[in-house]
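Here is a briefing on one protein model.

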Amino acid sequence: MKKSKCILTTLTATVFAMSVGALVACGDSSDGETKVGVYEITFDANGGAYANGNTVKLHTADGRILAEPTAPEYTGFVFTGYNVKRDGSGETVTFGTNGYKFSGATTVYAQWEAQRQDGVYNITFDANGGTIVGNRSEEHTF
């Protein structure tokens with residue numbers, strides 16, 4: 001009987017220690033500090049605006065965000081997604097169980113495409129390996 005009490009006591013202590021460890025590794029604390037393993041992801045509207053300001057903050061414990069936050073708005077532009085670089089040259093951020101995996105606190109930036117107005121087209125010249133001198137992006141109305 002003593003042997004089974006010892007095993008039960010050890011098992012109980014191990015389960016308790018694992019539970020306490022899990023609580024410490026995940027979630028927000030009551031004092032507003034983020035605990036180990038929980039990353040704050042800041043969504044920057046990048047010229048646009050969210051309903052409550054220019055940024056939205058979410059937290060992730062496993063590095064992924066399942067659902068995309070409500071898209072920001074920017075007059076004259078169409079929202080096209082998020083990127084880890086302000087200018088869109090970095091990785092595209094996707095959502096869901098197979099989405100982008102964050103590895104720490106990160107700011108991601110809304111990406112925008114100018115809305116086309118009827119009769120107004122942006123024409124961009126491609127030098128096809130050559131060099132373009134000066135600004136060769138023009139707007140024409142047809």
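Asp44 has Tyr109 in β5 as its bridge partner. Two strands count as paired if DSSP finds at least two bridges between them. Helices (H or I, at least four residues) and strands (E, at least two) are DSSP runs, numbered from the N terminus.

The model is predicted: local features need pLDDT of at least 70, side-chain atom pairs count only at pLDDT 80 or more, and totals for chains, interfaces and linings use all residues. Residues are numbered from 1 along each chain as its sequence is written, and side-chain values use heavy atoms, with hydrogens and water left out.

**Overall layout**

- The protein has 1 helix and 7 strands.
- Read from the N terminus, the order of elements is α-β-β-β-β-β-β-β.
- Of the 142 residues, 23% are buried. Buried means under 20% relative accessible area, exposed means over 50%, and partly exposed lies in between (1.4 Å probe, protein chains only).
- The exposed surface comes to about 10300 Å², and carbon and sulfur atoms supply 54% of it. Areas come from the Shrake-Rupley method with a 1.4 Å probe; for residues, only the protein chains shown count as cover.
- Among contacts with a separation of 6 or more, 49% join residues 24 or more positions apart. A contact means heavy atoms within 4.5 Å.

**Strand pairing**

- β1 and β5 run parallel and are joined by 4 bridges.
- β1 and β2 pair in the antiparallel sense, over 6 bridges.
- In that pairing, Glu40 stands opposite His59 in β2.

**Nonpolar core**

- The largest nonpolar core has 13 residues. Such a core is a set of buried Ala, Val, Leu, Ile, Met, Phe, Trp, Tyr and Cys residues joined through side-chain atoms within 4.5 Å.
- Phe43, Tyr82, Val93, Phe102 and Val108 touch the most other members.
- Two or more residues come from each of β1 (39-44) and β5 (106-114). β5 gives the most, with 3 residues.
- What does Val108 touch, beyond residues up to four places away in sequence? Its contacts are Ile41, Thr42, Phe43, Asp44, Tyr82, Asn83, Val84, Val93 and Phe102.
- In soluble globular proteins, nonpolar side chains tend to be buried together.

**Salt bridges**

- The count is 2 salt bridges. The rule asks for a side-chain nitrogen of Lys or Arg within 4 Å of a carboxyl oxygen of Asp or Glu.
- Glu40 pairs with Lys57, with the closest N and O atoms 3.7 Å apart. Glu40 sits in strand β1 and Lys57 in strand β2 (residues 55-60), so the bridge ties together parts 17 residues apart in sequence.
- Both ends of this pair are partly exposed: Glu40 has a relative accessible area of 29%, and Lys57 has 47%.
- Asp44 and Arg86 form a salt bridge through their side chains, at 3.5 Å from N to O. This pair links distant parts of the chain, with Asp44 in strand β1 and Arg86 in the loop between β3 and β4, 42 residues apart.
- Is Asp44 buried or exposed? Asp44 counts as buried, at 15% relative accessibility. Arg86 is partly exposed at 46%.
- Side chains of opposite charge can pair when their charged atoms come close.

**Asn83 and its surroundings**

- Asn83 is found in strand β3. Asn83 is buried because its relative accessibility is 3%.
- The Asn83 side chain reaches two backbone atoms: the nitrogen of Lys85 at 2.9 Å and the oxygen of Glu91 at 3.5 Å.
- Leaving aside neighbours within four places in sequence, Asn83 contacts include Gly88, Ser89, Gly90, Thr92, Val93 and Gln111.

**Ser89 and Thr92**

- Ser89 lies in the loop between β3 (77-83) and β4 (92-93). Ser89 is exposed, at 55% relative accessible area.
- Thr92 lies in strand β4 and is exposed, at 54% relative accessibility.
- Not counting residues up to four places away, Thr92 touches Tyr82, Asn83 and Tyr100.
- The C-alpha atoms of Thr92 and Gln111 are separated by 9.6 Å, with the two residues 19 apart along the chain.

Notes: A polar contact is a pair of N or O atoms within 3.5 Å; within protein, one must be able to donate a hydrogen and the other to accept it, and residues adjacent in sequence count only if both atoms are side-chain atoms.
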